[in-house]
Amino acid sequence: MEVGREETEESGKGTWKHAAFHVATTIATPAAYAPLPFALASLGWPLGVTSLVSATLATWYSSFLIASLWKWNGEKYLTYRHLAHSIFGFWGYWSIAFFQQVASLGNNIAIQIAAGSSLKIYCRPTYACFEETRGSKSNKSTSHFPFPLRNRPAQLIFTSIFMVLVTLIAAAMPFFGDFVSICGAIGFTPLDFVFPVLAYLKAGRTANNSKLGLLMRPLNILIATWFSIVAILGCIGAVRFIMADIKNYNFFHDM
């Protein structure tokens with residue numbers, strides 16, 4: 001659950017650098033690690049290791065950028081969605097919400113397949129959206145949802161339906177790697193690489209009169225462009241592999 005603004009003002013003692021390390025390490029999930037052997041085997045050692053190291057450095061860099069915006073524009077932003085709304089407006093909020101739900105659903109399905117448990121950490125974006133709908137009446141200024149659900153029975157029903165859906169899809173999917181790839185391309189790549197650098201550029205944090213600022217601007221544009229291409233190609237490739245695998249596998253094959 002996301003912590004309220006007032007509570008964070010009183011109890012938060014960490015710095016934006018602590019937040020950056022936390023953001024970077026949250027990507028270390030079974031869904032991220034599981035396809036690595038296949039990726040390295042396909043790319044070969046030189047290109048595979050180079051890609052892995054480059055993506056790691058880009059992850060750390062993007063994490064520092066997004067963490068540095070936590071107090072942008074005179075306010076503290078505790079979620080990607082509210083930061084995106086502040087910087088990009090209405091469509092920024094809903095774009096990030098969409099990417100988060102794809103990443104959350106894909107991660108939970110992958111964990112159900114790989115480990116059989118997805119009840120805690122990786123449901124947070126979905127549960128956070130639900131909590132915001134429940135609190136929409138008491139905090140209309142920060143609500144972006146048209147329908148309120150504010151009682152525990154509704155919360156129980158919603159979370160139960162979500163977990164049943166995740167388990168059902170996990171049981172039906174016979175091609176684990178392909179499904180993780182498409183969720184990574186649509187969910188993780190925009191959130192982890194594209195959004196942080198675009199938000200940093202849009203917020204105007206890059207100093208134009210310094211050598212570092214002159215270096216960061218083209219670097220941010222390069223990262224956003226490159227990983228946008230990676231996301232598009234990854235999505236196309238994942239869909240292609242899924243279509244090919246459907247010919248050889250049946251849904252619920254292992255049940």
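C235 counts as partly exposed, at 23% relative accessibility. Buried means under 20% relative accessible area, exposed means over 50%, and partly exposed lies in between (1.4 Å probe, protein chains only). This is a predicted model: local features need pLDDT of at least 70, side-chain atom pairs count only at pLDDT 80 or more, and totals for chains, interfaces and linings use all residues. Residues are numbered from 1 along each chain as its sequence is written, and side-chain values use heavy atoms, with hydrogens and water left out.

**Cysteines**

The sulfur of C235 has its closest cysteine sulfur in C183, 9.8 Å away, which is too far for a bond. A disulfide would need a pair of cysteine sulfur atoms within 2.5 Å. The structure holds zero of them. C183 counts as buried, at 8% relative accessibility.

**Fold**

The protein chain has eleven helices and zero strands. Helices (H or I, at least four residues) and strands (E, at least two) are DSSP runs, numbered from the N terminus. Of the 255 residues in the protein chain, 38% are buried. Contact means heavy atoms within 4.5 Å. Take the contacts between residues at least 6 apart in sequence: 72% of them join residues at least 24 apart.

Two helices have computed spans. The expected span is 1.5 Å times one less than the number of residues. α5 has 24 residues and reaches 34 Å from its first C-alpha to its last, close to the 34 Å expected. α9 (residues 152–172) has 21 residues and reaches 30 Å, close to the 30 Å expected. Both helices hold buried residues. In α5 they include G48, A58, Y61, L65 and I66. In α9 they include F162, M163, V166 and A170.

α4 (residues 36–43) has eight residues, and the number buried is zero, so this helix lies largely in the open. Just after α4, G44 takes a positive phi of about 90°. L52 is found in α5. L52 and L36 are 16 residues apart in sequence and 8.9 Å apart in space, C-alpha to C-alpha.

N73 sits in the loop between α5 and α6. Most residues other than glycine have a negative phi. Phi of N73 is near 65°, a positive value in a residue other than glycine.

**Nonpolar cores**

A nonpolar core is a set of buried Ala, Val, Leu, Ile, Met, Phe, Trp, Tyr and Cys residues joined through side-chain atoms within 4.5 Å. The largest core has 25 residues, and L69, L83, I87 and F195 have the most contacts inside it. Helices α5 (45–68), α6 (80–88), α7 (90–114), α10 (176–202) and α11 (211–246) each supply at least two residues of this core. The largest share, seven residues, comes from α10. Leaving aside neighbours within four places in sequence, L83 is in contact with I66, L69, Y77 and F195. A second, separate core has nine residues and includes V166, A170, C183 and A238.

**Aromatic rings**

A pair of aromatic rings is described by the distance of the centres and the angle of the planes. Rings of Phe, Tyr and Trp (its six-membered ring) pair if their centres lie within 6.5 Å; planes under 30 degrees apart count as stacked, over 60 as edge-to-face and the rest as tilted. The structure holds seven aromatic pairs. In one of them, Y93 and W94 have ring centres 5.5 Å apart and planes at 80°, so this pair is edge-to-face. Ring pairs link F90, W91, Y93 and W94 into a cluster.

A charge sits over a ring if NZ of Lys or CZ of Arg is within 6 Å of the ring centre and within 35 degrees of the ring normal. R240 lies over the face of F241, at 5.8 Å from the ring centre.

**Accessibility of selected residues**

| Residue | Relative accessible area | Class |
|---|---|---|
| Y93 | 0% | buried |
| W94 | 29% | partly exposed |
| L52 | 38% | partly exposed |
| N73 | 54% | exposed |
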